[in-house]
Amino acid sequence: MNNYKELRVWQSSVDFAVDIYKSTENLPADERFGLTSQIRRSVVSISSNIAEGAGRNTSGEFNQFLGIAYGSSCELETQLIIANRLQFLNNESFGQLELEIDKIQKMIYNLKKSINR
């Protein structure tokens, strides 16, 4: 349906996934299979669902997958809040990541809105 690689929201979410992977490199080793894994799965889910939805046959299906991507971004934001409160992420890093999540959420919302027209 859409060439997902041309979507700014997909490009931004892939770049964000790289940022998240780098930001979680120094989380405690005992969190490797816990919070670190959850954070990484959530961020990968955002761009993956955008891509999968773009490859579907109808705009309704695309819209549904954008909703899943948005949900994953909310899940990720919650996990980052927890990591920050546990002092695994400092306030500066957390603030930068939160701004990027907000940007991506707005892009997903606006794309959903344009599809629904």
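Leaving aside its neighbours within four places in sequence, with which residues is asparagine 84 in contact? Asparagine 84 touches Leu89, Asn90, Asn91 and Phe94, where contact means heavy atoms within 4.5 Å.

The views below are of a predicted model, in which local features need pLDDT of at least 70 and side-chain atom pairs count only at pLDDT 80 or more, whereas totals for chains, interfaces and linings use all residues. Residues are numbered from 1 along each chain as its sequence is written, and side-chain values use heavy atoms, with hydrogens and water left out.

**View 1. Asparagine 84 in helix α3.** Helices (H or I, at least four residues) are DSSP runs numbered from the N terminus, as strands (E, at least two) are. Asparagine 84 has a relative accessible area of 15% and is therefore buried; buried means under 20% relative accessible area, exposed over 50%, and partly exposed in between (1.4 Å probe, protein chains only). Its contacts beyond four places in sequence include Phe94, which is itself one of the buried residues of α4.

**View 2. Helix α3 and its buried residues.** Helix α3 comprises 27 residues (59-85), which at 1.5 Å a residue should span 39 Å; the end C-alpha atoms are 39 Å apart, in agreement. The expected span of a helix is 1.5 Å times one less than its number of residues. The buried residues of α3 are Phe62, Asn63, Phe65, Leu66, Ala69, Ser72, Ser73, Leu76, Gln79, Leu80, Ala83 and Asn84. An α-helix has 3.6 residues a turn, so residues three or four places apart point the same way. The cover over the buried residues of α3 includes α1 (8-23), α2 (35-54) and α4 (91-116).

**View 3. Glutamate 61 and glutamine 87.** Glutamate 61 belongs to helix α3 and is partly exposed, with a relative accessible area of 24%. Glutamine 87 follows α3 and lies in the loop between α3 and α4. With a relative accessible area of 70%, glutamine 87 is exposed. Although glutamine 87 is not a glycine, its phi is positive, at about 65°. Glutamate 61 and glutamine 87 are 26 residues apart in sequence, and their C-alpha atoms are 39 Å apart in space.

**View 4. The packing of α1 against α2.** The axes of these two helices come within 9 Å and cross at roughly 165°; axes are lines fitted to C-alpha atoms, for helices over the stretch in contact, and angles run from 0 to 180 degrees between N-to-C directions. The pair α1 and α2 is therefore roughly antiparallel, given that angles under 35 degrees count as roughly parallel, over 145 as roughly antiparallel, 65 to 115 as roughly perpendicular and the rest as oblique. The crossing of α1 and α2 is left-handed, meaning that the near helix is turned anticlockwise from the far one by less than a right angle (right-handed if clockwise). The contact is made by Val9, Trp10, Ser13, Val14, Phe16, Ala17, Ile20 and Tyr21 of α1, together with Ile39, Arg40, Val43, Val44, Ile46, Ser47, Ile50 and Ala51 of α2. By class, the contact of α1 with α2 has 13 nonpolar, two polar and one charged residues; Ala, Val, Leu, Ile, Met, Phe, Trp, Tyr, Cys and Pro count as nonpolar, Asp, Glu, Lys and Arg as charged, and the others, Gly among them, as polar.

**View 5. Valine 18 of helix α1.** Valine 18 is partly exposed, with a relative accessible area of 41%. Valine 18 and arginine 40 are 22 residues apart along the chain, with their C-alpha atoms separated by 9.5 Å.

**View 6. The packing of α2 against α3.** The axes of α2 and α3 are 8 Å apart, at an angle of about 165°. These helices, α2 and α3, are therefore roughly antiparallel to each other. Their crossing is left-handed, and the contact of α2 with α3 has 15 nonpolar, eight polar and two charged residues.

**View 7. Helix α4 and its packing against α1.** The 26 residues of α4 should span 38 Å at 1.5 Å a residue, and the end C-alpha atoms are 37 Å apart, which agrees. The buried residues of α4 include Leu97, Ile101, Ile104 and Ile108, and the helices that cover the buried residues of α4 include α1, α2 and α3. The axes of α1 and α4 come within 10 Å and cross at roughly 155°, which makes α1 roughly antiparallel to α4. The crossing of α1 and α4 is left-handed. Among the residues that make the contact are Arg8, Val9 and Phe16 of α1 and Glu100, Lys103 and Met107 of α4. The residues of the contact of α1 with α4 divide into nine nonpolar, three polar and three charged.
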